[in-house]
Amino acid sequence: MVIMSFLNVYGHGKYNLDLSGHPIAGIGDDIKHCQFIGVPVSLSIGGFGNGYSLPSNRSALELFDYLWNAYFGGSKAGVYRPFGDAWLDGVDLFLEHGTPADRYDVLALELAKHNIRGAPGKPLHLTATPRCTFPPSSYLGRAVATGIFERIHIRIYDDDNCEAYWHLAWDKWTAAYPATRFYVGMTASEMTHGWVHPKNVYYDVAPSTQKADNYGGFMIWDRYYDKLSNYTSMVKAYA
């Protein structure tokens, strides 16, 4: 699965897509190519800025309406489709901040209603990419507690608290949500705090995480640094 990041402004009637400064033109065709060769493509919402929130049920439903008509199977007058008629495969929650009032559970449940299986259309994959700290923040925890998230990618990088305690946190996450597949999130950049040497992936990360019955695999951040370091090619056999 490829996850594009981020839709980083939403919740107050305004929306902004920032793909790390990449131009949007042509990405629709790239999405279709990935899908043609069997690689689903999702959109991550949230990110590292402060331009997003979902402070009410109404704002969550408005975000769903926007996502569905701009990136998935819908269409609506006045709603621009950045990728043309390309239909994405899922939504990922990458939430670096929020409040107890945020209603990502409402958004998730509405998206799940459109997870079409065995009917015209296609599945809509729901995933989340949180920091490793457990329990999660209330706004994310309420969403994950719906039980409808297919995958959760636990980030064990870029967080001082995770470096020493991620093993314990991983065990708590996987035990709390047994119906969800868990992926261990690692960084491809040696410059990022928490980078794991491929040798330590083999001797520590892989055997530690694979003990969980709902272990899914690896998540690598991000494609730019992965192309520079070839990190995925060095660790994928251990997944």
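Author: Arg-58 forms a salt bridge with Glu-62 (a side-chain nitrogen of Lys or Arg within 4 Å of a carboxyl oxygen of Asp or Glu), and their closest N and O atoms are 3.1 Å apart. This is a predicted model, in which local features need pLDDT of at least 70 and side-chain atom pairs count only at pLDDT 80 or more, while totals for chains, interfaces and linings use all residues. Residues are numbered from 1 along each chain as its sequence is written, and side-chain values use heavy atoms, with hydrogens and water left out.

Both Arg-58 and Glu-62 lie in helix H2, four residues apart, about one turn of the helix; helices (H or I, at least four residues) and strands (E, at least two) are DSSP runs, numbered from the N terminus. Arg-58 is exposed, at 63% relative accessible area, whereas Glu-62, at 35%, is partly exposed; buried means under 20%, exposed over 50% and partly exposed in between, with a 1.4 Å probe and protein chains only.

Arg-155 and Glu-96 form another salt bridge, with the closest N and O atoms 2.7 Å apart. Arg-155 belongs to strand E6 and Glu-96 to the loop between E4 and helix H3, so this pair ties together parts that are 59 residues apart in sequence. Here Arg-155 is buried, at 2%, and Glu-96 is partly exposed, at 23%. These two residues, together with Arg-131 and Asp-159, are linked in a network of salt bridges. By the rule given above, the count comes to ten salt bridges.
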